[in-house]
Amino acid sequence: MAHQSTWKRAWTGSKAKRGGWCWLERCERWQAKRRWRAWSASARPGVSDAALVRSVVTCKDADEALAKLQSHWDAMEEDPEGEKPVLDELLCAEIIETALQRGNHELVLSMYACMRTVSSIRPQARCKNGVLQWPGCTLSTVEQVMKGMCRALRVNDAIGVLNDVRRRGVPKGDEVPFGNIVRCPICPKLPLAVVKPQEGCTKVSCSGCRHEYELFSGDVVQVQSEVLGWQENLLLKGARMVGAWKDPHIEAIHEIVVKAPDASARSFRVATATADVPAQEGQRVTCIGAPTNARKGKLYAARAPGKRAGEPMLLVNHDLGKEVELLRPPPSGKTPGVPSWLMPVALLAAGGDAASSLIDPALPLITAGATAAIVGSTVLGNAYLLPELKRLPAGAVSVSAARQQLLSQHNQLMGRLTEVTEVASEDVRKLARYWQLQNKIKAVGDPGAYNTRTSILASARSGVEERLSKLLQLLDSYARLINMIEIEVELGDASTASIVSTARGIEEELLKLQEVEELQENMQVQAQANDELERLLRSTY
């Protein structure tokens, strides 16, 4: 048997490299740490001590509560590895619940606001350089605060929590928005581009019609309008009624001066089909039209068919969220009517037929047939051949097609986000009303007389709370996908493959959310059943 010193030297020799002695030392440290934790739990309070929580919930705001937690944390002794308990989400949930029970709603909202400013990637523990920090805000915290505000009948605060989930990390009063998405004038269902607040004049191309457009954005500094509805030519009005004239009716003419952020200004003279003023002074608008210097398509400039250089086609009012189709106005001082060349050509044709019939009776028919063939070929060329020659090659709009796909997904998600927010807001109001009825039943002082109604209220309240939990998950998922799209649109590289891969990933995420959406629809059916129960409350008793 080896001597004791020999045994120690054997373990500190070659076997130490294989971890033998290190394993023994690690076991000793682990046992010492367990002894310290057992002594700490029995001899002195931990961070989650009930007395500490009762002391913290008396604070006015989150800063005072964090200072009290910090002083308690500093007084605690470190464990053998120099570690102390940290401020985690469970303790914050306990503080929030106790504060809600004691009616300290300002502390709850203050803590929630502080936790929202912290990244929720690692919400379990927050301690940096010996200073406590609030953990990140997760959906469980959001749900707890929102339901607590409903229980306290603070509906506006509860709806504000919903809007915070919708913003997902973006602070209130955001002065750097993503921008406004505008659509293509020819392809109504296809988004064209994102208009940034700092942008003035830009050129973009559409992958649907493969034409180029010019976007001029800014604030309206001057507007003048003139109504022309009563001045319309009667002949033109009759032709439009029978369908012989396809051009839209012009009701008013507007002269709008738009000033861009770079101090450049541009005047637009446009016509509209209604007498409504499309924009007023001070409102931010974007005018989409045919560019002056457009890229060359297959043969001609890639402008929209039938549009002149610089002619406006669509006006988007960002302040009102409205879009107005713009028409070509008549020349200044003239009213809209039949073209000036139509009557002379008709008279010349009639006179030519009368003169040619004296020479040969069949000559007018031949002339009419030749004229019809020329007019028909011209119409077909303008309708099919000329637009094709003005289109850009498919390869020139490949990047635009990928970005427009992302913008289409953005619009789709924003629509779903708005719908879910409206449903959730209605459920918040309904949940607060249920709690108000519960408070009234307690105030009556005879709970035995309302046992049936109390059970019905409890069942309806639990259903609404469960539905709100699912709606919060949908809101959070939609907001996350919207942020992914905005990041890719603003920071993604110009390669089509990268954008397409991101779009496919978002499509896969949308497919995963279908199950939650179906569950939400089923809960909507349950909500209708709860409404029926509520009607029974008013009618049966």
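**View 1. Arg-210 lies in the loop between β5 (201-205) and β6 (212-227).** Strands are DSSP runs of E with at least two residues, and helices are runs of H or I with at least four residues, both numbered from the N terminus. The model is predicted: local features need pLDDT of at least 70, side-chain atom pairs count only at pLDDT 80 or more, and totals for chains, interfaces and linings use all residues. Residues are numbered from 1 along each chain as its sequence is written, and side-chain values use heavy atoms, with hydrogens and water left out. Arg-210 is not a glycine, yet its phi is positive, at about 60 degrees. Most residues other than glycine have a negative phi. Arg-210 is buried, with a relative accessible area of 13%; buried means under 20%, exposed over 50% and partly exposed in between (1.4 Å probe, protein chains only).

**View 2. Leu-153 is in the loop between α8 (139-151) and α9.** Phi of Leu-153 is positive, near 65 degrees, in a residue other than glycine. Leu-153 is partly exposed, with a relative accessible area of 37%.

**View 3. Helix α9 (residues 155-167) and helix α13 (residues 398-444) have axes that come within 10 Å.** These axes cross at roughly 155 degrees; they are lines fitted to C-alpha atoms, for helices over the stretch in contact, and angles run from 0 to 180 degrees between N-to-C directions. α9 and α13 are therefore roughly antiparallel to each other, a term for angles over 145 degrees. α9 passes α13 in a right-handed crossing, meaning that the near helix is turned clockwise from the far one by less than a right angle. In α9, Val-155, Ala-158, Ile-159, Leu-162, Asn-163 and Arg-166 contact residues of α13 that include Met-414, Leu-417, Thr-421 and Arg-429 (contact: heavy atoms within 4.5 Å). By class, the contact of α9 with α13 has nine nonpolar, four polar and two charged residues. Ala, Val, Leu, Ile, Met, Phe, Trp, Tyr, Cys and Pro count as nonpolar, Asp, Glu, Lys and Arg as charged, and the others, Gly among them, as polar.

**View 4. The axes of α13 and helix α14 (residues 451-491) come within 8 Å.** The crossing angle is roughly 155 degrees, and α13 and α14 are therefore roughly antiparallel to each other. α13 passes α14 in a left-handed crossing, where the near helix is turned anticlockwise from the far one by less than a right angle. The contact of α13 with α14 has 27 nonpolar, five polar and nine charged residues.

Definitions and conventions:
Angles under 35 degrees count as roughly parallel, over 145 as roughly antiparallel, 65 to 115 as roughly perpendicular and the rest as oblique.
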